[in-house]
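Morning, everyone. Let me put the structure up on the screen, and then I'll walk you through it.

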Amino acid sequence: MDPALRAAATGMMAQQTRTQVIANNLANVNTPGFKRSRAQFEDLLYQTVQGTQVLGTSDAFTNPAIQVGRGTRLAAVQRMHMQGAIDQTGRNLDVAIEGDGFFQVQMNNGDVAYTRDGSFGISDQGLLVTSSGQGLMPPIRIPDDVSEITISATGIVSVRRGNDVEPSEVGRIELARFVNPSGMLALGQNLYAPTAASGIPSIGFPSEEGMGRLQQGSLEASNVEIVQEMVEMITAMRAYEINSKAIKTSDEMGQIANNLTR
Amino acid sequence: MTSAAASLAMLERRQQVLANNLANVNTAGFKRELVFAQLVGDAVSSTNTRVDLTEGTLSESSNPLDLAIEGEGFFVVNTANGERHVRGGSFRIDPEGRIVDHSGNPLMGEAGDVTIPPKGIGSITIDGTGLLSADGRQLGRLRVERIAAGASPQHEGGVRFLPDVSREAVPPSERRIKQGFIEESNVNPMDAMTSMLQVLHRFGAAQKTISTLDAVRGIAVNDLGKSV
């Protein structure tokens, strides 16, 4: 009875992990630039109790192998880098990426990290920074006598200073894209780090060579859909329940077997 | 009494298989196992398992590398132990640009591995016949194979199957590949639940048979020939 108990237990653990992933998705339903994750499972190795049997002559039937599976395991938690909805905010330092690419920011330890969250601010030194204070790479300095900031779809940041009529360019935002964005490591604070699985970044300007377009005054909303997550949560809960029933049944069978000797 | 004991063993095996099916109720591309009892002489002695290849529900995921096949057929992945069949699933791109499964086994195209150029990640399309293109450029056609109608492939774990000897390529015109869809597990929880209850009750009944037979023998041994 033990294998049945264990198989059912792996099923319960799988559903528990899945619920954790769903809970994190739901917690980030309002996080700009957040990408939902999905837990994926695969079956474990099979015990072949008896190999394929060929019974008698060629026109006789063949018995398939007898196999007993040993349960399930977590194969991957895959992040889904699908475009989130573009939310109009009207704030001139909110920038959404429509399409592929990440903003490059410098972390406190000097490493470059990548983010889709474009809710920028201006630091005390006049640099464009993310909402948690990491500076945009390459750095863009906004002069302090600015009356208007414009960020174009191709990433050109231009400002109008003082009483100027003509805007002047102060920098250009560059984006980075990866062969496999799902392979990046999530660092928290909406930041991602490249890994061997994601490949090395290719850098370019927005709207060029397949990079996304920038949209000023908008933010990319989280791509979590509440209804979808709720449905997933219900199925996870029911699957957890039914696996617990399998454990109970296996246990009762063990009890019955124990009653063979009086 | 042997036949009752054999039936206990068979039911135990069936419960193990049911537990495995239930554990994989959310494993994409999983195919449930069926257990058959076989009558040998007058006792239920051997059990056969068979993979039930019934199609699971296709659910839309809109991830471009989630692939499913409507109807029969398997994709081919190249593992360290040789080619394996998979019903589809969630593929990803490895650093070399190949399309691989969870375990990193590359998906096979008609001309070997399929490699996506680094710039082409934005728009990968795979049409119903398995023709793969990135940014409008055709990169090759995926291999799709089928096995004979009555054949039962062997599970290998990791939702892969050992290809049956009857494998043959499916001509492009007969393929129905769905991009952005995932085939869910074909385990029906309701069905598995009722089977499990059935197993439990039969197990109890077989055990009762054994105890009754034991009691009868006990009477025969101890009470018969006792001086009155």
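Predicted model: local features only at pLDDT ≥ 70, side-chain atom pairs only at ≥ 80, totals over all residues.

Residues are numbered from 1 along each chain as its sequence is written, and chains are lettered from A and ligands numbered from 1 in the order in which they are written.

Back to that pair. Strand S15 (residues 156–161) of chain A runs antiparallel to S16(A), over 4 bridges; two strands pair if DSSP finds at least two bridges between them. Together with S14 they make an open antiparallel sheet of 3 strands, ordered S14-S15-S16 in chain A. The edges are S14 (146–151) and S16 (168–172), each pairing on one side only. Twist there averages 25° from one strand to the next, with axes being lines fitted to C-alpha atoms, for helices over the stretch in contact, and angles running from 0 to 180 degrees between N-to-C directions.

Okay, chain A as a whole. You get 2 helices and 22 strands, and those are DSSP runs numbered from the N terminus: helices are H or I with at least four residues, strands are E with at least two. Its C-alpha atoms fill a box of roughly 100 × 45 × 35 Å along the principal axes.

Now chain B, which has 2 helices and 20 strands. Its radius of gyration is 25 Å, well over the 17 Å the globule rule gives for 228 residues, so chain B is more spread out than a compact globule. The box here is roughly 100 × 30 × 30 Å, and 42% of the residues are buried.

Chain B has an open antiparallel sheet of 3 strands too, in the order S12-S13-S14. Strand S13 (residues 131–134) of chain B pairs with S14(B) over 4 bridges, and B:Ala134 sits opposite B:Arg137.

What about the core? The largest nonpolar one has 91 residues, and B:Leu22, B:Phe75 and B:Leu107 have the most contacts inside it. By core I mean buried Ala, Val, Leu, Ile, Met, Phe, Trp, Tyr and Cys joined through C-beta atoms within 7 Å. Helix H1 (residues 2–23) of chain B brings the largest share, 8 residues. Setting aside residues up to four places away in sequence, B:Leu107 touches several others, including B:Phe75, B:Val77 and B:Leu142; contact means backbone-placed C-beta atoms within 7 Å.

Last stop, where the chains meet. That contact takes 51 residues from chain B and 58 from chain A. On the chain B side, H1(B) gives the most, with 11 residues. That side divides into 20 nonpolar, 23 polar and 8 charged residues, counting Ala, Val, Leu, Ile, Met, Phe, Trp, Tyr, Cys and Pro as nonpolar, Asp, Glu, Lys and Arg as charged, and the others, Gly among them, as polar.

Terms used: Buried ≥ 20, exposed ≤ 12 C-beta atoms within 10 Å, placed from the backbone. Contact = placed C-beta atoms within 7 Å. Rg over C-alpha atoms; globule rule 2.2 N^0.38 Å.
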